[in-house]
Amino acid sequence: MVEQVDVSARAAAIEYAIRDVVIPAVELEAQGHEIIRLNIGDPLAYDGLPTPDHMVTAFKAALDRQDNGYGPSYGIPELRHAITSRERSKGWDCSTDDVYVTHGVTEALQIIFAAFLEEGDTVLAPGPHYPPYMAYPQMYGGTTVEYRLDPDDGWRIDLDDISSKMDDSVRLLVLINPNNPTGNVATPEEVDALIEIASQWPKCTIIADEIYDGLDFTGQQCSVASRSEEVPVIVLNGASKVYFAPGWRVGYMAWHDPQGRLELVRDGVERLLRSRLCASTPAQHGFLAGLTDDTGWLEGHRATIRKRMDYCLSRIEAIEGLDCEAPGGAFYLFVSITNPKMAADDKRFVLDLLHQYHVLLVHGSGFSPEFGQGHFRMVCLPPVEVLAEAFDRIEAFLRG
């Protein structure tokens, strides 16, 4: 018998619900079944939401002129300047030196956690939330604690819950705005209240994950950095969602540090960035075109998503056993399973639906064992005819 090499505890503990459920779906597809995939927030997987042509052209042009070697570790200067202009337009004094280009927001998170966290430190993140906020801190000795989003009030931030969980161990307070998976959009007043709480804890920095900022349907979304006069804020954003180029893996972090509290940790971040060389050079040129060329195309993409989202909400309202708070942004629905028996094991609900009716969702507990239980997340990105078939199957499953 071959003796197995032990896996590290940190790797064995990693769960990523959005892709973990793909494994049984792939097995079913190998057997010849056609799966309707509503699990992953990839606009390019569905008709009608392509990456803009001018961005693709710029990407290709970089390849054609052989501009695909190693680039500067913090990002190509032209892109950093364009990102600076975008952030300044949101109302805060961003400089080019404040901007670092990364392999998507996911890499930015890994670098931030590596630079900030030591054993015993805490990340306070919303529940429900994007899974890496739970998975990655423990790799660096930290622990994630969730603060509550209220499912009975449009998933609004429970500010009292944040206050009750703040202490000196909280190094990072996370706001995902618009939120993934719920679609909640925090108002400026809520953002101000969150900043006020953080201001009472000098070791605390806010992570403002604003990757869906251009997909706000409420008019309420605001830059956290623009509201903070004292508390440090690290803004996260990128090409994947609003610029419809998820596979390019280009994101950024922009640092707002009004009082200069983060000089030491920022040095650590820059060391980490240099050690991993650089983000994809041609993809950076493609993103640059997205930032500097006309963005009128986005209105069409946004209208398409809104139409598909409204269709989903109308179908959910008509199906006994489901309920959903209308999201204010992004392109997800976080749907409540109102049948108590089915809600008790939402992962079983998702897997049974997959095996019996070949529709792939993500279990809500994968976004928060405490605050996501009894829900599922779905994307509303496919064309209406695909969504119609998916909901017909979901309805049949619930009736069965």
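Contact here means heavy atoms within 4.5 Å, and axes are lines fitted to C-alpha atoms, for helices over the stretch in contact, with angles running from 0 to 180 degrees between N-to-C directions. Helices (H or I, at least four residues) and strands (E, at least two) are DSSP runs numbered from the N terminus. This is a predicted model, where local features need pLDDT of at least 70 and side-chain atom pairs count only at pLDDT 80 or more, while totals for chains, interfaces and linings use all residues. Residues are numbered from 1 along each chain as its sequence is written, and side-chain values use heavy atoms, with hydrogens and water left out.

View 1. Three bridges join β10 to β11 (residues 332-337), and Leu322 has Ile337 as its bridge partner in β11.

**View 2. Helices α5 and α12 pack at an angle of about 35°.** Here residues 77-88 (α5) meet residues 281-292 (α12), with the axes 9 Å apart. On the α5 side, look for Glu78, Leu79, Ala82, Ile83 and Arg86; α12 brings Gln284, Phe287, Leu288, Leu291 and Thr292.

**View 3. Strand β4 pairs with β3 in the parallel sense and with β5 in the antiparallel sense.** β3 (residues 122-127) and β4 (residues 143-150) share six bridges, and Gly127 is partnered by Arg148 of β4. Two bridges link β4 to β5 (residues 156-157), where Leu149 stands opposite Ile157. β4 and β5 make a hairpin with five residues between them, and Gly154 in the turn has a positive phi of about 65°.

**View 4. Glu210 sits in the loop between β7 (205-209) and α10 (224-227).** Glu210 counts as buried because its relative accessibility is 1%; buried means under 20% relative accessible area, exposed over 50%, and partly exposed in between (1.4 Å probe, protein chains only). Leaving out residues up to four places away in sequence, Glu210 touches Lys90, Asn177, Gln221, Cys222, Ser223, Val224, Val235, Leu236 and Asn237. Gln221 is eleven residues from Glu210 along the chain, and their C-alpha atoms are separated by 9.1 Å.

Methods
Pairing = 2+ DSSP bridges.
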